[in-house]
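Trainee: Could you walk me through reading a protein model, step by step?

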There are 2 protein chains.
Amino acid sequence: MLRVISRQFAGVIDTRTRVSSTKLNTHLRFLNCCSLQTLGRAVCVGRPLHSPDRPESLKKSTTRMSSTDQNPSPSKSVFLKQETLHKEKWLSLERVTYQDPRGKERTWEVVERTTKPKIEGVSDCVAMIAILNRLLHYDCIVLVKQFRPPFKAYTIEFPAGLVDPNESQEEAALRELKEETGYTGTVLAVSPCTALDPGISSASCSFVHVQIDGNDNANDSAVACPEDGEFIEILLIPVNELLHRLQEMAKQKDVVIDSNVYMYASTLTHPHLGMVPSTIINSD
Amino acid sequence: MLRVISRQFAGVIDTRTRVSSTKLNTHLRFLNCCSLQTLGRAVCVGRPLHSPDRPESLKKSTTRMSSTDQNPSPSKSVFLKQETLHKEKWLSLERVTYQDPRGKERTWEVVERTTKPKIEGVSDCVAMIAILNRLLHYDCIVLVKQFRPPFKAYTIEFPAGLVDPNESQEEAALRELKEETGYTGTVLAVSPCTALDPGISSASCSFVHVQIDGNDNANDSAVACPEDGEFIEILLIPVNELLHRLQEMAKQKDVVIDSNVYMYASTLTHPHLGMVPSTIINSD
């Protein structure tokens, strides 16, 4: 019962819940007292569930430190220097030296794109979550399938491309979408600059949500104009079937799904995975 | 009106729709005839919306080719060879030679982890989408914040780690979660092996959904035991606030969000972005 009240209080409407107002009020009072109590040494980071009477000390957002050192102080790492180990036309292998929170000097191997923009916060590339809306069709997501030498296989990815110098992310998104798929779209939203694989590389990407009006004549006769050496198959997949289709494609020996495409599909289909009480055991 | 019928037929219930049964039937007949017609040269990949009377030729899933060559045939690329250009302890810069669909020999620069498993389809690492369920708390996602030398900044990531030899992905997920955060969880689902940044590297990852019972004593007194050199802050963020919190953190100069974490949060919060009729203009 407590859990149901907690969920209800969290804004999840469960019409099957039967709770008397007296019981609810009792538990809401209880909630005011203890909802942000520490769990072990961890404290919930976020707005308090309900905070008017909470002491100041409990409102503070904190985190906990996980370290081999009991009390590393300060919990800060400091970048010291970067050296190029080997540079090719597109990629460069680098060594970064930094100081860990205990003051020890450490090194880390890093790969960088040689084309990386020098401006802070500007991402190397944009990837488009492009939804094609057409009369009498399911809304489809536009994906691309192409041979990717790093995997020696075909990947299923969002249309994507590098941001040119002096180009905004929105401009790059619409230009690359047009080049790779032929479609003309409208930008709905742009993500911040995100890290694609921060354990090994500085490659970054912004995701651009694009809506494509498939009833527009320009899109009805869309013709792609990819760059030399680009051979791209365009996949239009109904959004409500996306996860299932990706899982089927992933079974093929020579096909790999891009992690962000899979994450998008999986979250769309099973948003409540792991959340009580609507846990789903299988992802399929 | 047509669009409304299309959406309704696509299984999206819109209680505001008013359509007479005659009109609906007319359009359903129309739908049977043309819903999988080509759009330009593209054909929808997916199950037909409604297919009992559709000719066999229209049922076939196809894709379209986007290429500088009018008719590259066959539309296949072939891996030829791979050479090491420069190898360090953890990363290796390689050159892959392949044949494009027109038979032309091309090269591609690739970075590989030297620790990459040799078994096909087994991912280098696992990342855990770990949800902490506790009485009287919002369900929280467990994320980690750490200094990442490639970005010279702190990143917000899923807990993650490399899969050891002879270890299953589920075992690696629970071991790494315990090491990095101290939590003991239950695996709910595992994704296929996905590509983190297939344009430049062969790094791959499987996502493991983990549920953590925060009411269990073991998790109440959870203590992390990270490896030497790992300094990790653990963030517990209510899932229903995740996107907003990430967007706030991304504004900090020294913080970068992992792309998969952002994709998860963004899709949870705005699943219908770009889909008619529930388009949302801003991602915030």
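This is a predicted model: local features need pLDDT of at least 70, side-chain atom pairs count only at pLDDT 80 or more; totals for chains, interfaces and linings use all residues.

Trainee: How many helices and strands does chain A have?

Mentor: Helices (H or I, at least four residues) and strands (E, at least two) are DSSP runs, numbered from the N terminus. Chain A has 7 helices and 13 strands.

Trainee: And how do strands make a sheet?

Mentor: Strands of a sheet pair through backbone hydrogen bonds, either parallel or antiparallel. Here, two strands pair if DSSP finds at least two bridges between them. In chain A, an open sheet of 3 strands runs β2-β3-β4, with antiparallel pairing.

Trainee: Why is one side of β2 and of β4 in chain A left without a neighbour in the sheet?

Mentor: β2 (78-87) and β4 (105-113) of chain A stand at the edges, each with a single partner strand, so one side of each has no neighbour in the sheet. Between β2(A) and β3 (residues 91-99) of chain A there are 8 bridges; A:Phe79, for example, has A:Tyr98 in β3(A) as its bridge partner.

Trainee: What does B:Leu268 touch, leaving aside its neighbours within four places in sequence?

Mentor: Contact means heavy atoms within 4.5 Å. B:Leu268 sits in helix α7 (residues 259-269) of chain B, and it is in contact with A:Thr267, A:Pro271 and B:Val239.

Definitions and conventions
Residues are numbered from 1 along each chain as its sequence is written. Chains are lettered from A and ligands numbered from 1 in the order in which they are written. Side-chain values use heavy atoms; hydrogens and water are left out.
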